[in-house]
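Colleague: Before we discuss this model, could you set out the terms behind each label as we go through it?

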Amino acid sequence: VTGAYPATGPADQISYGELFATCRTATGSDATFTWVDESFLDSNDVAGWSELPQWVSTASAPGLWATDTSAAERAGLRCRPMADTIADTAAWLAGAGDIDLAPHRRDSAPGLDPTKEASLLAAWHARSDQAGQAG
């Protein structure tokens, strides 16, 4: 088969919740997750792609994740189970030692600064607690 096809997985392949839970299992992590809404992240100036890798505000990138893969699927695209990819990637990273996976220049490491993360979580939980008390 020739031609250009979007080769992302089908939209219903896995949810973010399933992705994170599978990562937690594959890596033996004890991570916990707090789900916050996009408006909270936007109003607190959380930077997509860098402070929260794999997230970007739909206000700044509408339709970013809306990729129609039906043509690729009709042409034969088959995606391996995400759990297999995550487990293999975790094993590869564990055996890779100290390597630079992203050799391009970065101003900072990806992810939220721990102090900002703690502050955001406290604000989110305080907001949730206030909503519960109002009801």
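**Salt bridges and pockets**

Modeller: Arg-80 has a relative accessibility of 42% and so counts as partly exposed, the class between buried (under 20% relative accessible area) and exposed (over 50%), with a 1.4 Å probe and protein chains only. The model is predicted, so local features need pLDDT of at least 70 and side-chain atom pairs count only at pLDDT 80 or more, while totals for chains, interfaces and linings use all residues. Residues are numbered from 1 along each chain as its sequence is written, and side-chain values use heavy atoms, with hydrogens and water left out.

Colleague: What makes the contact of Asp-88 with Arg-80 a salt bridge?

Modeller: The term requires a side-chain nitrogen of Lys or Arg within 4 Å of a carboxyl oxygen of Asp or Glu. The closest N and O atoms of Asp-88 and Arg-80 are 2.5 Å apart, so the pair meets that definition. Asp-88 is partly exposed, with a relative accessible area of 43%.

Colleague: How many salt bridges does the structure hold, and which residue pairs with Arg-127?

Modeller: The structure holds 3 salt bridges, and in one of them Arg-127 pairs with Asp-37, with 2.9 Å between the closest N and O atoms. Because Arg-127 belongs to helix H5 and Asp-37 to the loop between H1 and H2, the pair ties together parts that lie 90 residues apart in sequence; helices here are DSSP runs of H or I with at least four residues, numbered from the N terminus.

Colleague: Why is Glu-51 called buried?

Modeller: Its relative accessible area is 16%, so Glu-51 falls in the buried class. Glu-51 meets Lys-116 in a salt bridge (3.0 Å, N to O), and Lys-116, at 24% relative accessibility, counts as partly exposed.

Colleague: What is meant by the largest pocket, and how much space lies in it?

Modeller: A pocket is an open set of points on a 1 Å grid over the protein atoms alone, where a 1.4 Å probe fits, with protein on both sides within 12 Å along at least five of seven lines, and lining residues have an atom within 4 Å of a point. About 880 Å³ of space lies in the largest pocket, a volume being the space filled by probe spheres set on the points, which are joined across faces, edges and corners. Among its 26 lining residues, Phe-20, Thr-34, Trp-35, Val-36 and Leu-52 lie nearest the centre.

Definitions and conventions
Helix = DSSP H or I, 4+ residues; strand = E, 2+ residues; numbered from the N terminus.
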